[in-house]
Amino acid sequence: QVQLVESGGGLVQAGGSLRLSCAASGRAYSSYVMGWFRQAPGKEREFVVAISGSGLRTAYPDSVKGRFTISRDNAKNTVYLQMNSLKPEDTAVYYCAAARIITAKLDQYNAWGQGTQVTVSS
């Protein structure tokens, strides 16, 4: 339904910050829940955070709560993931995805970006 393109990944040292962007195109973008997932080599894709269409509701697992912040600018059709206090275990390919409801279930997201690499050195 929507097309998503991530950007902003890179190489940073532990304790540093990155800001990822997800540019969206397609109808009714502002009505979609937008989420971020990540996948490290040899591991399953993992839920990171999601935000409601209005931006009023968010969902985070404990592993990133307090360090990562999701936001959206619907006028620009863009979702952001601000990542602070990065740890080596945050290293992964990060994917932007769209769903109808806030959920951590991967199979409920029906549109995906191509991913952007985040590497955190010790």
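Buried means under 20% relative accessible area, exposed means over 50%, and partly exposed is what lies in between, with a 1.4 Å probe and protein chains only.

**Ground rules**

I am working on a predicted model, where local features need pLDDT of at least 70, side-chain atom pairs count only at pLDDT 80 or more, and totals for chains, interfaces and linings use all residues. Residues are numbered from 1 along each chain as its sequence is written, and side-chain values use heavy atoms, with hydrogens and water left out.

**Overall build**

I looked up the secondary structure and got 0 helices and 11 strands. Here helices (H or I, at least four residues) and strands (E, at least two) are DSSP runs, numbered from the N terminus. The radius of gyration is 13 Å, close to the 14 Å from the globule rule for 122 residues, so the protein is as compact as a globular protein of that length. That radius is taken over C-alpha atoms, and the rule is 2.2 Å times the number of residues to the power 0.38.

I also boxed the C-alpha atoms along the principal axes and got roughly 40 × 30 × 25 Å. Of the 122 residues, 42% count as buried. For contacts (heavy atoms within 4.5 Å), I took those with a separation of 6 or more, and residues 24 or more positions apart account for 58% of them. The accessible surface comes to about 6300 Å², with 47% of it belonging to carbon and sulfur atoms; the areas come from the Shrake-Rupley method with a 1.4 Å probe, and for residues only the protein chains shown count as cover.

**The disulfide**

How many disulfides does the structure hold? I found 1, taking a disulfide as a pair of cysteine sulfur atoms within 2.5 Å. The partners are C22 and C96, with their sulfur atoms 2.2 Å apart. The pair links distant parts of the chain, 74 residues apart, with C22 in strand β3 (residues 18-25) and C96 in strand β9 (residues 92-99). I read -85° about the S-S bond, so I noted the link of C22 and C96 as left-handed.

Is C22 buried or exposed? C22 counts as buried because its relative accessibility is 0%, and C96 is buried with a relative accessible area of 0%.

**Cores**

Next I went through the nonpolar cores, meaning sets of buried Ala, Val, Leu, Ile, Met, Phe, Trp, Tyr and Cys residues joined through side-chain atoms within 4.5 Å. The largest has 28 residues, and L4, M34, W36, L81, M83 and Y94 have the most contacts inside it. Elements giving two or more residues to this core are β3, β4, β5 (46-51), β7 (68-73), β8, β9 and β11 (116-121). A second, separate core has 7 residues, F37, A97, A99 and Y109 among them. As a reminder to myself, nonpolar side chains tend to be buried together in soluble globular proteins.

I checked L4 on its own. Leaving aside neighbours within four places in sequence, L4 is in contact with residues including C22, M34, C96 and W112.

**R38**

R38 is in strand β4 (residues 33-39), and at 7% relative accessibility R38 counts as buried. Which side chains does the side chain of R38 make a polar contact with? I get D90 at 2.9 Å and Y94 at 2.9 Å. A polar contact is a pair of N or O atoms within 3.5 Å; within protein, one must be able to donate a hydrogen and the other to accept it, and residues adjacent in sequence count only if both atoms are side-chain atoms. Beyond four places in sequence, R38 also touches E46, V48 and F68, among others.

T78 lies in strand β8 (residues 78-83) and is buried at 11% relative accessible area. A polar atom of the T78 side chain lies 2.9 Å from the backbone oxygen of K76. Not counting residues up to four places away, T78 touches S21, C22, A23, Y29, R72 and D73.

N77 is in the loop between β7 and β8, has a positive phi of about 55° although it is not a glycine, and counts as partly exposed at 28%.

**Other loop notes**

S85 sits in the loop between β8 and β9, with phi near 50°, a positive value in a residue other than glycine. At 40% relative accessibility, S85 counts as partly exposed. Most residues other than glycine have a negative phi.

K43 is in the loop between β4 and β5 and is exposed, at 59%.
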